[in-house]
Amino acid sequence: MDNISFKDLLNKVTTYIHNETDLKRIYEAYEFADEKHQGQMRKSGDPYITHPLHVAIILAELHVGPDTIIAGLLHDVVEDTNVILDEISKKFGSDVAGMVDGVTKLTMMKFTSLEEKQAENQQKMLLAMGKDIRVIVVKLADRLHNIRTIDAQNPEKRARICKETLEIYAPLAHRLGMFKIKAELEDRSLRYTDPDMFKKIEEDISKTNSARLENIDHIIDEIKAYLKEEKVAPIEIKGRVKNIYSIYKKMINQHKEFEDIYDVLAIRIIVDTIDNCYRVLGLIHAKYTPVPKRFKDYIAVPKPNMYQSLHTTVISSGGLTFEVQIRTKEMDNVAELGIAAHWAYKENVTYSKEKEQFEIASKLKWYAELLKFNEEDKDDSDPKTFVDSIRKDILTTSVYVYTPTGDVIDLPKGATPLDLAYKIHTELGNTMIGALVNKRIVPLDYELQNGDIVSIRTNKNSQGPSASWLKIAKTTHARHKIKSFLNKQNKDILLESGKRQLEEEFQNQRIYNYDLKDDFVSKTFGKNNINSLNELYIELGKGTLSEKTVVNKYLGEVKKDKETIIQQSIAKFNRNQKHISETGVIVEGLSNPQIKLAVCCNPVPGDPIVGYITKGSGIVVHHADCKNLANLAKERLINLIWDNNITRKYPVALKINASNNMQLLGDVMTTLSSLNINVSSLNVKNNINTLETIIKIKIIVLNLADLNNVIANLKKISAIHEITREGL
């Protein structure tokens with residue numbers, strides 16, 4: 001039975017909070033929580049109030065402010081009782097209510113799976129954390145106590161909670177620099193996620209622990225005597241054995257046995273100044289043999305979680321390998337408590353949540369990135385994608401690179417210059433054309449290494465990312481941004497295609513006076529989640545909706561009788577035709593000729609044309625330079641002319657010869673889109689041997705002038721060598 005009481009919390013709180021008003025508010029929050037949780041029990045059989053009390057005590061050990069302790073006491077009342085946030089806001093203030101809301105799970109929502117529910121909860125917490133970082137401090141305290149008492153849960157739930165802890169909460173504690181909480185979360189979770197390995201490492205440590213401690217004590221005494229001789233007085237020297245999970249990670253990731261881990265032992269030397277940190281480092285290297293490539297200077301370049309220290313691995317005269325960490329007292333506090341050390345509550349100091357958020361963001365670069373992710377990605381990605389992006393791209397980084405201005409950017413292992421560009425800014429990624437690493441040009445798929453100096457090359461006229469970039473980018477964030485760009489680009493193409501298809505269907509049914517509006521689309525196709533004209537065009541472009549269906553629905557909706565509209569359209573059409581066929585071609589002496597345009601040469605208004613009289617199929621109109629005319633009987637050829645008032649559009653086939661270029665197709669489609677030219681067919685062939693690309697494309701134009709304008713603009717694309725019309 002857990003015999004914890006409010007007195008235990010008070011003993012912790014009063015070590016640094018003395019203001020009577022604050023202490024009274026904390027007690028009122030305890031009484032409120034105790035009353036609301038009355039009758040509720042934990043799985044362990046303890047009264048439920050023991051949990052929020054433990055959470056508040058963990059927070060008090062971090063020296064957080066009164067509001068955060070109150071939020072710890074109240075963090076479950078909204079989820080597990082009939083209390084609403086508005087009541088908390090009125091009694092304890094909006095800051096407390098905001099923190100409680102951020103920690104509260106989404107219990108009222110319906111989810112299709114446990115995984116979806118978990119992702120929604122994690123996204124909500126991360127978004128709340130972006131507004132107030134204290135949310136995650138409370139949640140970490142909550143998770144820590146739950147992990148300490150997890151034995152009461154069933155095996156399945158234990159495994160799920162521990163897996164989530166290792167993937168989300170322990171990395172968050174690490175990124176906040178809260179090493180003590182991180183280490184405990186990791187070790188307790190590993191006990192259930194990989195019990196065999198946990199037990200093995202625990203036994204290995206236990207077997208050698210007494211000998212290791214003796215060695216540590218001996219080395220500490222040796223270092224103390226040595227530094228005294230050199231007239232350096234350290235504040236403290238202490239030894240430690242790595243936590244079990246850290247050893248486990250090294251064994252798994254580096255495929256090592258326990259005996260092969262060099263830095264299971266670590267000695268920490270605390271000194272008074274930064275100058276003495278470097279002086280002690282030199283003395284240690286003079287005394288012991290340093291292991292090559294094992295020195296790290298986190299004082300000059302702090303870790304993203306504010307951690308600062310000098311690390312070196314050395315070998316004693318007796319052959320013992322151990323790590324030495326050298327830091328100041330302030331650095332040691334930050335190493336143990338992380339952000340909590342910076343944020344320790346001080347009485348008689350005016351606190352502003354906004355000011356504190358700004359200070360944290362300026363000190364924790366990854367937190368500033370989280371704020372950016374929250375702003376950019378929260379609305380255009382599903383919860384799982386959003387959480388995966390945060391977990392993989394921010395919480396598990398292990399590669400540190402520099403920008404040309406000296407800024408440190410941290411990325412996941414395997415990240416490329418593309419990932420770096422998109423991490424800095426979406427527009428930087430979208431306009432990227434190359435990268436320099438250590439002043440040398442590298443391919444986009446170059447794997448960044450620790451210490452690389454990376455410069456991103458951009459061009460504002462770049463056509464943006466291609467689908468091949470999805471294979472290069474390693475971070476979820478970069479891939480998401482590339483997909484968003486490509487989806488938008490594809491939507492534009494589908495929209496134009498759907499619009500053209502619908503126009504042609506109206507013309508096929510001889511309907512020329514139509515006026516489609518969003519209201520009609522929403523009323524007719526809203527049940528299919530199509531509520532605007534653009535959405536309608538896109539669905540037509542995809543082929544999920546028939547243009548015939550749209551035209552028939554439209555005719556059924558108009559006020560006039562369908563037959564009346566059709567007759568009016570036909571009458572208008574016939575009035576305008578005179579002796580002109582639907583092709584726009586005039587045949588002198590014939591009032592209603594049967595004419596069709598040749599598909600071999602695709603003539604358009606403005607082209608010189610001739611007609612070929614077929615047997616039983618009317619007149620076929622050819623371009624005067626059509627290659628097939630040489631094979632036709634000359635006595636069947638007749639002269640034709642174009643009408644002057646043609647409004648319809650015509651297909652024309654082009655052949656484009658160009659150099660292999662990743663951006664070529666995107667450049668072509670963007671150029672056509674900018675000219676409002678529709679594409680009816682497209683075929684691309686790449687010749688690996690000649691490094692040549694051939695694009696065969698059929699476009700829809702008004703006339704020869706329109707076609708010549710298209711060709712002139714396409715020739716501006718540097719990769720294109722030649723453009724010819726098919727059949728000529």
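## Ground rules

Helices (H or I, at least four residues) and strands (E, at least two) are DSSP runs, numbered from the N terminus. By that count, this protein has 29 helices and 21 strands. Residue numbers start from 1 along each chain as its sequence is written.

The predictor's confidence in each residue is called pLDDT, and it goes from 0 to 100. The protein averages 82, and 82% of the residues score at least 70.

Where pLDDT is low, the predicted coordinates should not be read in detail.

## The overall picture

Of the protein's 728 residues, 48% count as buried. Here's the scale: buried means under 20% relative accessible area, exposed means over 50%, and partly exposed is in between, using a 1.4 Å probe and protein chains only.

Now take the contacts between residues at least 6 apart in sequence: 66% of them join residues at least 24 apart.

Have a look at helix α20 (residues 417-424) and helix α23 (residues 476-508). They pack at an angle of about 80°, with their axes 9 Å apart. Axes here are lines fitted to C-alpha atoms, for helices over the stretch in contact, and angles run from 0 to 180 degrees between N-to-C directions. That angle makes α20 roughly perpendicular to α23, because 65 to 115 degrees counts as roughly perpendicular, under 35 as roughly parallel, over 145 as roughly antiparallel and the rest as oblique.

Who does the touching? D419, Y422 and K423 come from α20, and H477, A478, K481 and I482 come from α23. The residues of this contact split into three nonpolar, one polar and three charged. For that sorting, Ala, Val, Leu, Ile, Met, Phe, Trp, Tyr, Cys and Pro are nonpolar, Asp, Glu, Lys and Arg are charged, and the others, Gly among them, are polar.

## Two asparagines with a positive phi

Most residues other than glycine have a negative phi. N602 isn't a glycine, yet its phi is positive, at about 45°. You'll find N602 in the loop between β13 (595-597) and β14 (609-613), and with a relative accessible area of 6% it is buried.

N676 is another non-glycine residue with a positive phi, near 60°. N676 sits in the loop between α28 (664-674) and β19 (678-687), and its relative accessible area of 54% makes it exposed.

C626 is buried at 5% relative accessibility, and C162 is buried at 0%.

## A few residues up close

V78 lies in helix α5 (residues 77-80). Skipping neighbours within four places in sequence, V78 is in contact with V83, I84, L85, I88, V100 and T104. V78 and V100 are 22 residues apart in sequence, and 7.8 Å apart in space from C-alpha to C-alpha. K182, in helix α11 (residues 179-193), is buried at 10% relative accessibility. Not counting residues up to four places away in sequence, K182 touches A170, A173, H174 and S246.

T670 is in helix α28 and is partly exposed, at 31% relative accessibility. Beyond four places in sequence, T670 touches Q463 and Q489. T670 and D492 are 178 residues apart in sequence, but 9.5 Å apart in space, C-alpha to C-alpha. Finally, E257 is in the loop between α13 (244-253) and β2 (265-271), partly exposed at 45% relative accessibility. Leaving out neighbours within four places in sequence, E257 is in contact with K200 and M251.

Conventions. This is a predicted model: local features need pLDDT of at least 70, side-chain atom pairs count only at pLDDT 80 or more; totals for chains, interfaces and linings use all residues. Side-chain values use heavy atoms; hydrogens and water are left out. Contact means heavy atoms within 4.5 Å.
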